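Here is a short briefing for a first look at this structure.

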Amino acid sequence: MTTKKTVALPAEIIDAARTRAAQTRRQLAHKPGPSEMLTPQEQADAAPFYLVLRDYIGQLKKAREAAGVTLAQLSAQTSLAVETLSRLETGALTNPTWKTLGMYAAALGLRPRLVLEATARNGGQ
């Protein structure tokens, strides 16, 4: 069994890394939504459910962050792997089950709800 040795880094290296991290956070602060990334035709062609799902997952993530719950804490409450939760929030998990979404919501004291809206084709607005 090997043990890890810790090495103290010079303060200037740490400061430079923190500066780069701050610059990266500023660059990534604005996350464009589908309307900014897709043309109207691309939006019309996109699977509507996917866009609704991404919005729903975004709401879950905001609720988790507002509650001060970490992914590790949520993992412990739901028995879902931290990696699974991270992939869900970043969009890498593109087809989550209802059970996964429900467990995530329930762990935050929320309840999933489906709502139907009429489309223009069906007499809606």
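Helix axes here are lines fitted to C-alpha atoms, and angles between them run from 0 to 180 degrees between N-to-C directions. The model is a predicted one. Two packed helices are described by the angle between their axes and the distance between the axes.

**Helix α4 against helix α7**

- Helix α4 spans residues 48-66 and helix α7 spans residues 98-107.
- Their axes come within 10 Å and cross at roughly 25°.
- Angles under 35 degrees count as roughly parallel. The helices α4 and α7 are therefore roughly parallel to each other.
- The crossing of α4 past α7 is left-handed.
- On the α4 side, the contact is made by F49, L53, Y56, I57, L60, K61 and R64.
- On the α7 side, W98, L101, Y104 and A105 make the contact.
- Of the residues in this contact, nine are nonpolar, two are charged and none is polar.

**Helix α5 and its buried side**

- Helix α5 covers residues 71-78.
- Which residues of α5 are buried? They are L71, L74, S75 and T78.
- These residues cover an arc of only 105° around the axis, so they sit on the same side of α5.
- An α-helix has 3.6 residues a turn, so residues three or four places apart point the same way.
- The buried residues of α5 pack against α4, α6 and α7.

- Helix α6 runs over residues 82-90, and its buried residues are L85, L88 and E89.
- Viewed down the axis of α6, these buried residues fall within an arc of 95°, so they line one face of the helix.
- The face turned away from the buried side carries the exposed residues E83 and T90.
- What covers the buried residues of α6? The cover includes α4, α5 and α7.

- Most residues other than glycine have a negative phi.
- S79 lies in the loop between α5 and α6.
- Is S79 buried or exposed? S79 is exposed, with a relative accessible area of 68%.
- G91 follows α6, and its phi is also positive, near 95°.

Definitions and conventions: Residues numbered from 1 in each chain as written. Predicted model: local features only at pLDDT ≥ 70, side-chain atom pairs only at ≥ 80, totals over all residues. Heavy atoms only, no water. Helix = DSSP H or I, 4+ residues; strand = E, 2+ residues; numbered from the N terminus. Parallel < 35°, antiparallel > 145°, perpendicular 65-115°, else oblique. Left-handed = near helix turned anticlockwise from the far one by under 90°. Contact = heavy atoms within 4.5 Å. Nonpolar A, V, L, I, M, F, W, Y, C, P; charged D, E, K, R; others polar. Buried < 20%, exposed > 50% of the residue type's maximum accessible area, 1.4 Å probe, protein only. Arc of directions from axis to C-beta.
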